[in-house]
Amino acid sequence: MRLQIRTLHLLRNTNPISTKHIHNPIYKVRSPHRPLLAFHTNTPTNNSNRNFMGSSFSTSSTATNSTDTMSSKTNTPPVQKSDDEWRAILSPEQFRILRTRGTEQPHSGTYNHHSASGTYTCVGCDAPLYTSTSKFDSGCGWPAFFEGVPGAINRREDGSLGMQRTEITCANCGGHLGHVFKGEGFGGAADERHCVNSVSLTFKEE
């Protein structure tokens with residue numbers, strides 16, 4: 001009889017776990033008499049939370065405009081060279097950035113604050129990429145352009161570094177230029193910022 005009364009008392013004083021506070025995939029509760037317990041829920045992961053790291057750095061752009069083309073596996077640039085051939089005409093730093101998708105240090109590039117009138121061309125194949133009229137100072141540490149020369153820039157989705165971005169490459173040789181970001185409010189017809197490595201460029205003054 002005493003055992004039944006004690007059992008009933010324990011049941012009445014047990015605090016049930018309320019699911020209304022469970023908003024993470026794993027909700028942990030520590031009992032005063034038991035080890036840590038983990039309750040797995042089927043709450044779907046919010047996409048905005050998953051992409052928070054990427055959005056905290058910049059806004060990615062997956063849309064194309066009339067001057068750029070989203071690359072695919074079948075979109076092969078006209079200029080094709082082996083790695084040895086590229087190394088023969090590029091400096092080690094140019095090869096690292098242009099052919100292995102590297103990035104120069106911010107605020108270190110020759111063309112970051114460059115303001116002369118002319119055309120920026122690809123350091124690998126000399127194809128025209130940007131005009132000085134589309135260049136602006138974004139304060140990001142790399143040369144920034146509103147848009148490229150029509151047909152000169154290819155785009156492709158880039159999921160590296162744990163974020164979703166859009167890589168931009170030279171349409172003529174496939175050399176890595178940088179990334180394009182949309183909706184930051186800098187201006188331009190497409191409201192885009194082409195963030196380009198100075199090492200990927202050369203300049204021809206008018």
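This is a predicted model: local features need pLDDT of at least 70, side-chain atom pairs count only at pLDDT 80 or more; totals for chains, interfaces and linings use all residues.
1. Basis. Residues are numbered from 1 along each chain as its sequence is written, and side-chain values use heavy atoms, with hydrogens and water left out. Local features need pLDDT of at least 70 and side-chain atom pairs count only at pLDDT 80 or more, while totals for chains, interfaces and linings use all residues.

2. The core. The largest nonpolar core has 22 residues, and Leu129 and Tyr130 touch the most other members. Such a core is a set of buried Ala, Val, Leu, Ile, Met, Phe, Trp, Tyr and Cys residues joined through side-chain atoms within 4.5 Å. Buried means under 20% relative accessible area, exposed over 50% and partly exposed in between, with a 1.4 Å probe and protein chains only. Among the elements that give two or more residues to this core are helix H5 (92-100), strand E4 (118-122) and strand E5 (128-131). Helices (H or I, at least four residues) and strands (E, at least two) are DSSP runs, numbered from the N terminus.

3. Leu129. Leaving aside neighbours within four places in sequence, Leu129 is in contact (heavy atoms within 4.5 Å) with residues including Tyr120, Cys122, Val149, Ile153, Leu177 and Leu201.

4. The sheet. Three strands form an open, antiparallel sheet in the order E5-E4-E12. E5 and E12 are the edge strands; each has a single partner, so one side of each has no neighbour in the sheet. From one strand to the next, the twist averages 30 degrees, where axes are lines fitted to C-alpha atoms and angles run from 0 to 180 degrees between N-to-C directions. Strands pair if DSSP finds at least two bridges between them; E4 and E12 have five. Across this pairing, Thr121 stands opposite Thr202 in E12.

5. Tyr120. This residue of strand E4 is buried, at 0% relative accessible area. The side chain of Tyr120 makes a polar contact with that of His114 (2.8 Å). A polar contact is a pair of N or O atoms within 3.5 Å; within protein, one must be able to donate a hydrogen and the other to accept it, and residues adjacent in sequence count only if both atoms are side-chain atoms. Tyr120 and Lys204 are 84 residues apart in sequence, with 6.4 Å between their C-alpha atoms.

6. Positive phi. Most residues other than glycine have a negative phi. His107, in the loop between H5 and E4, has a phi near 65 degrees and is exposed at 57% relative accessibility. Asp126, in the loop between E4 and E5, has a phi of about 70 degrees and is partly exposed at 39%.
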